[in-house]
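Biologist: Hi, could you walk me through this one? I'd like to start with the strands and then look at the packing.

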Amino acid sequence: MRYISTRGQAPALGFSDVLIAGLARDGGLYVPETWPTFTPAEIAGFAGKPYEDVAFAVLSRFVGDDIAPGLLMDMIRDAYAGFRHRATTPVSQLAPGHFMLELFHGPTLAFKDVAMQLVARLMDHVLAERGQRATVVAATSGDTGAAAAEAFRDRAAIDLFVLFPHGRVSDVQRRQMTTVAADNVHTIAVDGTFDDAQGIVKSLFNHHAFRDRVGLSGVNSINWARIAAQTVYYFVAAAALGGPFRLLSFSVPTGNFGDVLAGYVAMRMGLPIERLVVATNVNDILWRTLETGVYEVRGVVPTASPSMDIQVSSNFERLLFEVLDRDADRVRALMGSLAQTGSFTLDAKALHRIRDVFDAGRTDEAETERTIAEVCRRSDKVIDPHTAVAVSAAERLMGTGTPMVSLSTAHPAKFPDVVTRATGHHPPLPDFLADLFERPERVTRLPADVADVERFILARTRADMEKA
C-alpha cells in the first residue's frame with residue numbers, strides 16, 4: 001500500500017513513513033494511492049466479531065506489508081485492552097430508527113482515544129525498529145490533546161508537545177492534558193483560537209530545517225493513521241445493525257472533518273452508507289460550504305462544544321482531492337486561495353459530488369442545550385454537547401426510513417456545566433478520574449507565535465539532531 005499527497009509534489013510513501021511523517025512535505029495530506037475494498041460478504045462477516053478482529057481486518061488493508069500481522073494484532077489488542085466497555089464502541093438506541101455509537105469508553109472519555117491509543121503503539125514500534133526518536137506536536141481544541149498525552153506518556157522514543165487555545169477548552173479537557181505526570185509530555189496554552197494553534201503546527205511542518213532537526217511528527221487527524229483507525233467503528237456499527245444488507249446514515253459532530261471523513265473512507269471501502277451528516281455548531285464553515293459552495297473563514301465563536309470551535313477543517317482537503325478527480329493542481333490552487341484570501345469557491349460539479357454523499361446541519365447553543373434536556377427526559381441517557389449537535393442534526397434530517405446513527409464523541413462529565421444546566425444533574429467523572437481536580441497542573445502559556453513555540457520545543461525535545 002502506497003500513499004500520495006493531495007498536493008502532488010511529495011514522494012509516494014509506505015504506511016510506516018506516512019505514519020511518522022504526518023503532513024506531506026509539500027503541505028498536503030496523504031491518502032491511499034488506491035482504495036482497498038471489502039465485499040458485502042466480508043462486511044457481513046464482521047457481525048458478532050470482537051472489535052479487535054474487525055480493526056485488524058480493516059487496518060491490515062492500510063498497513064500492507066509494513067508491519068507483520070502478528071505484531072499488528074498485538075498492538076491492536078493492547079490499544080483497546082483499557083477501554084471500559086467490552087464492545088469498545090457499543091451501539092445503543094435513542095429512539096425508533098435512531099441509534100447512538102458510543103465512542104467515549106477509552107481512558108480520556110473521548111472518541112480520540114480509539115485512534116490515539118493505537119497510533120502511539122504503531123509509532124513506538126516503527127521508531128524502535130529504526131532506532132530513531134521523534135518530536136510529536138499536536139494542536140487540540142480539547143480532546144485530541146488529552147488522548148495524545150495519555151497515549152504517548154512515558155514512551156522512550158517520543159516527546160509530545162500539545163498546543164491548545166488558552167481559555168477555550170473545558171476544565172476537564174484542560175486538566176486531562178496538564179496533569180499528565182510524564183517528563184516527555186509538554187502542554188502549551190496558546191493565546192488564540194484552535195485555528196491559531198493548528199496554523200502553528202502546520203508552519204512547523206513547513207519549516208523543513210526545523211522539521212528535520214527534531215524529527216517532527218504529528219498526530220492530529222492530518223496523520224492518515226488516525227483516519228484509518230477511526231474508519232473501523234463505522235464497520236463495527238454497521239455490522240451490529242444489519243449492514244451491509246441494511247442501509248444506514250451517520251450524523252457526525254464535526255470540527256476538523258476527520259471523523260466524518262472516516263465514514264467516507266468506509267464508503268469507499270465498500271460499506272453501504274446512504275448519507276453522512278456533517279453536524280456543526282455555530283462555527284459553521286462546513287454547513288455554509290454545503291449550502292453555498294463557498295468555503296470562507298470567519299471568526300471563531302466560543303461554544304459549549306469547544307472541540308468543534310474550528311474554521312479551517314484540515315481534512316476537507318482530502319475530500320476535495322477525491323471530488324476533484326485527484327487533480328492535485330486544482331487542490332493546490334484552492335488551498336492557495338484559502339491561504340491568501342481566506343476563502344475559495346467550489347465549482348458546480350465538485351459541489352454536486354459532495355452533496356451526493358453529505359448533508360449538513362447547524363445547531364446553535366440554545367438548541368444544543370434543549371437537545372441534551374430532551375434526550376435525558378425521553379431516554380434517561382445523558383449526552384455531552386458535541387453529541388447533542390449530532391443528535392439535533394440527525395433528528396432534523398431523518399425521514400427517509402433509513403436508520404440514523406449519531407456518533408457520541410465524548411462523555412458528558414467532560415462538559416459538566418452545560419449538562420447540569422440542561423438536565424439539573426451534575427454528571428460525575430468515573431472513579432478512575434475522581435481526583436482529577438486535585439492533581440497538579442503543568443502548562444506553559446505562550447503567544448500564538450511560531451518562533452516562540454519552536455524555541456520552547458528545541459529547549460525540551462530529546463530528538464534535537466544538533467544535540468545528538
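**Strands and core**

Modeller: Happy to! In this predicted model, strand β10 (residues 248–253) runs parallel to strand β15 (residues 404–408), and three bridges join them.

Biologist: Which residue of β15 does Ser249 stand opposite?

Modeller: Ser249 faces Met404 there.

Biologist: And how many bridges are there between β10 and β11?

Modeller: Five, with β10 and β11 (residues 273–280) paired in the parallel sense. One of the partners is Ala279 in β11, which is bridged to Pro253.

Biologist: Through which helix does the chain cross from β10 to β11?

Modeller: Through helix α11 (residues 258–268), in a right-handed β-α-β crossover.

Biologist: Is β10 largely enclosed or open, and why?

Modeller: Largely enclosed by the rest of the structure, because six of its six residues are buried. Leu248, Phe250 and Val252 point one way, Ser249, Ser251 and Pro253 point the other way, and all are buried. In a regular strand, side chains alternate between the two faces of the sheet.

Biologist: Nice. Switching to the packing, which residues have the most contacts inside the largest nonpolar core?

Modeller: Phe152, Tyr234, Phe235, Phe250 and Phe358, in a core of 117 residues. Helix α10 (residues 224–240) contributes the most to this core, giving 13 residues. Apart from this core lies another one of 24 residues, including Leu29, Leu163, Ile188 and Leu458.

Biologist: What does Phe235 touch, leaving out residues up to four places away in sequence?

Modeller: On that count, Phe235 contacts Phe38, Ile43, Phe46, Val54, Val58, Ala266, Met269 and Leu271.

Technical notes
Residues numbered from 1 in each chain as written. Predicted model: local features only at pLDDT ≥ 70, side-chain atom pairs only at ≥ 80, totals over all residues. Heavy atoms only, no water. Core = buried A, V, L, I, M, F, W, Y, C linked by side-chain atoms within 4.5 Å. Buried < 20%, exposed > 50% of the residue type's maximum accessible area, 1.4 Å probe, protein only. Helix = DSSP H or I, 4+ residues; strand = E, 2+ residues; numbered from the N terminus. Contact = heavy atoms within 4.5 Å. Pairing = 2+ DSSP bridges. Right-handed = clockwise from strand over helix to strand, strands pointing away.
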